[in-house]
Amino acid sequence: MTPPSPLLRVENLSVRFPIPGEMWGAKAVVHAVEDVSFDLAPGETLGIVGESGCGKSTLGRTVLNLIPATLGRVFWQGRHLAAATAREQRLMRREMTMIFQDPLASLNPRMTVGSLVGEPLDIFEPSLARDERRRRIAAVLERVGLPPDAVARYPHQFSGGQCQRIGIARALILKPKMIVCDEAVSALDVSVQAQIVALLGELSREMGVSLLFISHNLAVVRQISDRIMVLYLGRVMEIADRQSLYHAPRHPYTQALLSAVPVPDPEIERQRQRIHLVGELPSPLNPPSGCVFHTRCPFASERCQREMPALAAIDALHTVACHHWQEIAEGRHRATT
């Protein structure tokens, strides 16, 4: 059986921001995203994880063409997004949407919930009958777990979790094919996080919508993602299916991230050996030569300092960018002191 064509394809994407104000010499440039490539299948959820400042949000916004790419290409259902006409981009825009990190900041406090959720209909379906508009708004609010009287109320009258449900309803009203969830649960309490993640998972399965789920929380990403991509300083360190990444991580950075995730069992938690990364995250203004992780990697060699590792395929669903992943996995490569 032939696998379905990818809904989204990203090829060698780089995003760089020049820093104004330099008087002498070359201008400083922030290397936010560097040479990132991946596919997203219809109905798939791809988790994107990494430390703060690793380029996760920039990548999500560039995929939606909200930030222009410096290099590389983004294809939406086979069409080059940046090369599309204004009319074609408008048609694509209704098929992809976003849920933001701060639920209150992303909602206009002067608009009622009905107006907020229905605004995409006003933009993309202005001829829609008033009764049909009301019906669709009521249906999507009910689906995300909000009461019928929410239509006439304002965002400040709701809790953080309820405001995020409003944001989800707004993202779903046009029945998109892909939603970028940019740290969509990081501002919520842990119990509310679980409810929102469960809701997003249900909606993805029911509606067949694909998700780019951006988060720094690997425990949350594990609950919802089919595959996971690990970023460090704007570059891909590892891409794998959920089972492989959590049970057999190959990149030292992924291993360090997973070792920091707490385990509910206190007995197991006490016996765990954590991987402590030395040093600070390098500046994206001046990324290290070679492998960008070598300044903090316990297994770094001279080769790592001078040569950027390419993504190597471990199997059909697992790739890793590390010169020594095989030696590390087999226990033949010792950590540096």
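**Group meeting: the sheet, a helix and a pocket**

Let's start with the sheet. Eight strands make an open, mixed sheet, in the order E6-E7-E8-E3-E9-E10-E12-E11. A strand here is a DSSP E run of at least two residues, a helix an H or I run of at least four, each numbered from the N terminus. Strands pair if DSSP finds at least two bridges between them.

At the edges sit E6 (96-99) and E11 (312-315), each pairing on one side only. From one strand to the next, the twist averages 20°.

This is a predicted model: local features need pLDDT of at least 70, side-chain atom pairs pLDDT 80 or more, while totals for chains, interfaces and linings use all residues. Numbering starts from 1 along each chain as its sequence is written, and side-chain values use heavy atoms, without hydrogens or water.

E11 and E12 (residues 318-320) run antiparallel, joined by three bridges. Ala312 is opposite Val320 in E12.

Next, helix H6, residues 190-207. H6 lies across E3, E6, E7 and E8, at about 155° to E8. Contact means heavy atoms within 4.5 Å. Angles, from 0 to 180 degrees, are between N-to-C directions of lines fitted to C-alpha atoms, for helices over the stretch in contact.

Last, the largest pocket. A pocket is an open set of points on a 1 Å grid over the protein atoms alone, where a 1.4 Å probe fits, with protein on both sides within 12 Å along at least five of seven lines; lining residues have an atom within 4 Å of a point. Of its 21 lining residues, Met96, Thr97, Met98, Pro120 and Arg170 lie nearest the centre. E6, H3 (113-124) and H5 (160-172) each give two or more residues to that lining.
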